[in-house]
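Please look over the sequence and the structure below before reading on.

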Amino acid sequence: VIRCRAAVAWAVGKPLSVEEVEVAPPKAGEVRVKIVATGICHTDEHLLEGSFPNVDFPVIPGHEGAGIVESVGEGVTSVKPGDKVIPLCLPQCGECSFCLNPESNYCLKCHVSEPQSLLPDKTSRFTCKGKQIHHFLWVSTFAEYTVIPEYAVAKIDAAAPLDKVCLLACGFSTGYGAAINTAKVKPGSTCAVFGLGGVGLSVVMGCKAAGASCIVAIDINKDKFAKAKELGATHCISPHDFKKPIQEVLTEMTGHGVDYSFEVIGHADTMTAALASCNMNTGVCVMVGVPASGSVISFDPMLVLSGRTWKGTLLGGWKMRDCIPRLVASYLEKKFNSDVLITHTLPIAKVNEGFELLRAGK
């Protein structure tokens, strides 16, 4: 058993509490990882607010990390102690019907199909003050050590800087992949990105990499515009600067609406605005933002009947175990610069300050 620090969420709506926890050794098919760095992603905020479904408290959040394998359980062959790895909040078991489908990046063992507050054998490896602590998406990267099923871990290049590539575990991959894999943005096309947090900026990078000629970045926080332009946005607009709905503004800017739109906020009204802002016949709108649990959308069916495509993306459409090592290789080859997304670096003791910065849009 390893004793280490972890940021524990004891209850909904309460700040995280940095505690000493006990982390049990990995059982068969499991890997114990020393987490070196973790990002704070809005999905963790949804968890703390209680709007993420099927999560049991107390829980150790965090799902965007990178670390080093400390030990492995019986039968584990894909990683060994000392390997650098990225834990995967979307597993890839390699055996279910979705994993076997080359066009799918979903896995039936993922959170959406079955709750992941405990490991697959329905027990936890975490205890604190004599209480069982739950896992989050099987990864719980807000702990200095964590135990993860082997099929939710990807081995990466030993040269990778863990404090930088941790972003590839969720935020960067989700946004970049939404443009490259899900929308399949074509060269010379027009794009609109609603929401310029870390994931939205990653969508901008993906649109630019795909060769889009016009990328309109949309946010009510104008402090985000400079970075969006640096990463490839050709126009930056705030809905607050217009009297008319943003979809009408975008349609006037482009003639018939954009070729591709991306909603990276998670609000029902911006989802329908993003749909309405793309070309009525061939436009593709991709939902990237996670709506609050229980959200419902109402929209005019003519928006889709006229030919638009409305689709969602899960972690940018990447088959995680196969693709994360390749994305890390692309990062090392400087094919993209995800480092620009890192605004602050804090010790785990200041994790609540990190969430304050997130809520303030900083």
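Which residues does His111 touch, not counting residues up to four places away in sequence? They are Phe52, Pro53, Asn54, Val55, Gln116 and Leu137, where contact means heavy atoms within 4.5 Å. This is a predicted model, in which local features need pLDDT of at least 70 and side-chain atom pairs count only at pLDDT 80 or more, while totals for chains, interfaces and linings use all residues. Residues are numbered from 1 along each chain as its sequence is written, and side-chain values use heavy atoms, with hydrogens and water left out.

His111 lies in the loop between β5 and β6 (126-128), and it counts as buried because its relative accessibility is 8% (buried means under 20% relative accessible area, exposed over 50% and partly exposed in between, with a 1.4 Å probe and protein chains only). The C-alpha atoms of His111 and Trp138 are separated by 8.8 Å, although the two residues are 27 residues apart along the chain.

Turning to the strands, β3 (residues 30-38) pairs with β4 (residues 65-72) in the antiparallel sense over seven bridges, and Ile35 stands opposite Gly67 in β4. Strand β4 is also joined to β5 (residues 84-87) by two bridges, again running antiparallel, with Ile68 opposite Lys84 in β5. Two strands are said to pair if DSSP finds at least two bridges between them; helices (H or I, at least four residues) and strands (E, at least two) are DSSP runs numbered from the N terminus.

Two packed helices are described by the angle between their axes and the distance between the axes. Axes here are lines fitted to C-alpha atoms, for helices over the stretch in contact, and angles run from 0 to 180 degrees between N-to-C directions. The axes of α1 (residues 42-49) and α10 (residues 351-359) come within 11 Å and cross at roughly 105°, so these helices are roughly perpendicular to each other (angles of 65 to 115 degrees count as such, under 35 as roughly parallel, over 145 as roughly antiparallel and the rest as oblique). His42, Asp44, Glu45 and Leu48 of α1 make this contact with Phe355, Leu358 and Arg359 of α10.

For α3 (residues 171-183) and α4 (residues 198-209), the axes come within 7 Å and cross at roughly 40°, which makes α3 oblique to α4. Among the residues that meet are Phe172, Tyr176 and Ile180 in α3, and Val199, Val203 and Met205 in α4.
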